[in-house]
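I wanted to get my bearings in a structure I had not looked at before. These are my notes, in the order I looked things up.

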Amino acid sequence: MATEISATSLFRGPDRGVSDNVVLRHDGGIITDVAEGAGPGPRSFVIPAFVNAHDHARATASSFGAVGMPLESWILRTALGSPVDPYLTAVSALARSAKAGCAAIMVHYTRPSGTMALVDEAKAVAKAASDVGIRIAFALAVRDQNPIVYGDAEPVLSGLPGGDRKTIEDLFVRAPMSPKAYIELTDAIAAAVAGPMIDVQLGPAGVQWCSKPLLEAVAENSARTGRRIHMHLLETVYQRAWADQHFSDMVRWLGDVGFLSERLTLAHCIHARPEELEMIAASGARIVTNFSSNMHLRSGLAPIAAAHRCGCAITVGVDGLALDEDDDILREMRLVQMVHGGVGFKATWTPAEMFSLAIRNGRRATGAPGSGELAAGNPADYVVVDLDRLDRDQIMPVDPMALLFARGNASLVKEVVVAGKSIVRDGICAGVDLPAVEQELRAMYRANVGKLDSFRRMWPSLSDRLSGWFEQQLTCE
């Protein structure tokens with residue numbers, strides 16, 4: 001059905017800027033026309049819909065006590081937040097992203113619930129995405145080594161009471177999946193859920209967690225099938241130390257085996273060195289920066305301006321840890337702009353340029369079609385912002401894109417349209433009852449958390465042992 005929306009202002013892109021008093025028309029999920037001549041109506045600013053290019057579609061971590069911890073402790077602590085119901089957990093996360101204005105989100109599925117077969121769990125996530133109306137990329141994360149620390153975990157586990165050791169091993173130690181089995185499982189997931197709104201990808205968790213044969217199998221399958229890859233890289237100082245001690249030519253090796261390519265998206269790269277960034281840039285791979293997550297987990301400040309200068313394709317993700325744990329991708333983009341946008345009079349990019357590249361590269365990372373630009377022939381994925389609230393004082397004409405990066409947040413989103421369908425209006429998700437879902441999830445988690453009392457009881461001791469093990473790696477030669 002043909003639809004049109006009048007816009008007081010509409011963002012055309014960094015080159016064309018903002019057009020005033022225009023009408024955007026779309027039909028069948030595709031933009032058919034953007035023309036002058038909008039009639040009277042509420043003041044609105046229409047912009048391309050956002051992309052959350054790195055996320056895991058999980059519950060909020062702070063509710064499970066995972067606050068202010070480095071990643072290496074945080075990952076273990078958040079076992080308390082394993083999905084109790086894969087569909088409801090995914091609906092909750094995807095609906096929050098949709099409310100914030102996202103048309104697409106990367107679901108790097110790192111912690112299955114264990115309550116059903118993995119293909120069925122992927123189907124549950126796919127149904128959640130369909131009910132919310134959002135595009136997703138889905139990659140089942142895989143690891144076949146180093147489940148507790150980046151190396152021999154015996155120093156951490158030895159000396160623990162037998163019951164405590166068994167608790168840790170039961171929670172985190174699994175028989176590794178073979179590379180062949182992982183590729184076959186990914187094929188099965190793709191056969192079950194892939195389609196115009198879902199891009200199934202390969203998802204190695206990170207080099208320190210994956211053997212060379214596994215990474216080689218992923219690279220070969222991606223090259224042969226064209227399937228995209230999503231992976232963490234060099235997120236923490238401990239991962240940097242592990243690479244320096246055990247895999248000093250890691251990024252070059254990834255390039256040599258064909259892992260680095262335009263099909264690859266790398267999350268974080270906080271501790272990548274200039275020569276490694278240049279290799280990533282030359283390959284056409286993308287880097288997703290996740291500023292708030294990096295701060296929550298004390299991982300460090302990523303060299304995003306330097307990566308951009310050497311030609312890396314940059315995009316932005318929430319990683320399940322936005323500043324206020326509210327999945328606000330707009331605030332996240334503003335933080336990236338504030339931190340990496342330049343020093344003094346020397347700008348890395350303009351806000352309009354940063355906005356456009358984050359969306360364009362985010363769509364490539366998630367497999368969403370088009371560039372995101374609001375132009376005829378592109379998908380009708382857009383956000384309507386309340387211009388009266390954004391430009392609340394209306395003292396003089398101010399570029400609404402400048403205002404968006406000065407004070408924008410998810411509360412200003414009036415409507416979110418994905419593939420021509422309105423999925424959020426006035427903060428309410430059309431396809432799901434988010435407050436009811438979250439209330440049901442809370443009740444499930446409260447009932448479930450008692451089952452892990454032994455893990456909570458032993459946490460202080462485990463945390464101290466983890467800290468000692470990882471800190472020792474920084475002093476090893």
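**A loop residue to start with**

I began at Asp249, which I found in the loop between helix H8 (237-246) and H9. Before going further I noted that this is a predicted model. Is Asp249 buried, exposed or partly exposed? Its relative accessible area is 41%, so Asp249 is partly exposed, given that buried means under 20% and exposed over 50%. I also checked Asp249 against Glu276, which is 27 residues away along the chain. Their C-alpha atoms are separated by 9.5 Å.

**A serine in H1**

Next I went to Ser73, which sits in helix H1 (residues 71-77). Ser73 counts as buried because its relative accessibility is 9%, and the limit for buried is under 20%. What does Ser73 touch, leaving aside neighbours within four places in sequence? I got Trp459, Ser463 and Leu466.

**Helix H7**

I checked the length of helix H7 (residues 212-225). It has 14 residues, which at 1.5 Å a residue should span 20 Å, and its end C-alpha atoms are 20 Å apart, so the two agree. The expected span takes 1.5 Å times one less than the number of residues.

Then I asked which residues of H7 are buried. They are Leu214, Leu215, Ala217, Val218, Ala219, Asn221 and Ser222. I remembered that an α-helix has 3.6 residues a turn, so residues three or four places apart point the same way. The buried residues of H7 pack against S7, helix H6 (179-193), strand S8 (198-204), strand S9 (229-233) and helix H9 (250-256). After H7 comes Gly226, and I noted that its phi is positive, near 80°.

**The open sheet**

How many strands form the open sheet, and in what order? I read eight, in the order S3-S2-S1-S4-S15-S16-S17-S18, with mixed pairing. Strand S3 (30-36) and strand S18 (428-429) are at the edges. Each of these has a single partner strand, so one side of each lacks a neighbour in the sheet.

S2 and S3 are antiparallel, with six bridges, and His26 has Ile31 in S3 as its bridge partner. They make a hairpin with two residues between the strands, and Gly28 in the turn has a positive phi of about 65°. Strand S1 (residues 3-13) and strand S2 (residues 17-27) also pair in the antiparallel sense, over nine bridges. There, Leu10 has Ser19 in S2 as its bridge partner.

Val417 stands opposite Ser422 in S17. This hairpin has two residues between its strands, and Ala419 in the turn has a positive phi of about 55°. S17 and S18 run antiparallel and are joined by two bridges, with Ile428 in S18 as the bridge partner of Arg425. In their hairpin, again with two residues between the strands, Asp426 has a positive phi near 50°.

I looked for what crosses this sheet. Helix H16 (residues 400-407) lies across S1, S2, strand S4 (44-48) and strand S15 (382-386), at about 80° to S4.

**The nonpolar core**

I looked up the largest nonpolar core and got 143 residues. Those with the most contacts inside it are Ile47, Leu94, Ile136, Leu233, Met250, Leu254 and Phe355. I followed Ile47: not counting residues up to four places away in sequence, it touches Phe11, Phe355, Leu374, Tyr382, Val383, Val385, Met401 and Leu404.

**Aromatic rings**

How many aromatic pairs does the structure hold? I found 13. I picked Tyr150 and Phe470, whose ring centres are 5.1 Å apart with planes at 75°, so the pair is edge-to-face; the limit for that is over 60 degrees. The two are 320 residues apart: Tyr150 is in the loop between strand S7 (135-142) and helix H4 (154-157), and Phe470 is in helix H18 (residues 453-475). Both Tyr150 and Phe470 are buried.

Phe470 also forms an edge-to-face pair with Trp469, at 5.0 Å centre to centre and 75° between the planes. Trp469 is buried too. My last entry is the cluster: Tyr150, Trp209, Tyr238, Trp469 and Phe470 form one aromatic cluster.

Conventions
Residues numbered from 1 in each chain as written. Predicted model: local features only at pLDDT ≥ 70, side-chain atom pairs only at ≥ 80, totals over all residues. Heavy atoms only, no water. Core = buried A, V, L, I, M, F, W, Y, C linked by side-chain atoms within 4.5 Å. Buried < 20%, exposed > 50% of the residue type's maximum accessible area, 1.4 Å probe, protein only. Contact = heavy atoms within 4.5 Å. Phe/Tyr/Trp six-rings, centres within 6.5 Å; stacked < 30°, edge-to-face > 60°. Helix = DSSP H or I, 4+ residues; strand = E, 2+ residues; numbered from the N terminus. Pairing = 2+ DSSP bridges. Axes fitted to C-alpha atoms, helices over the stretch in contact; angles between N-to-C directions.
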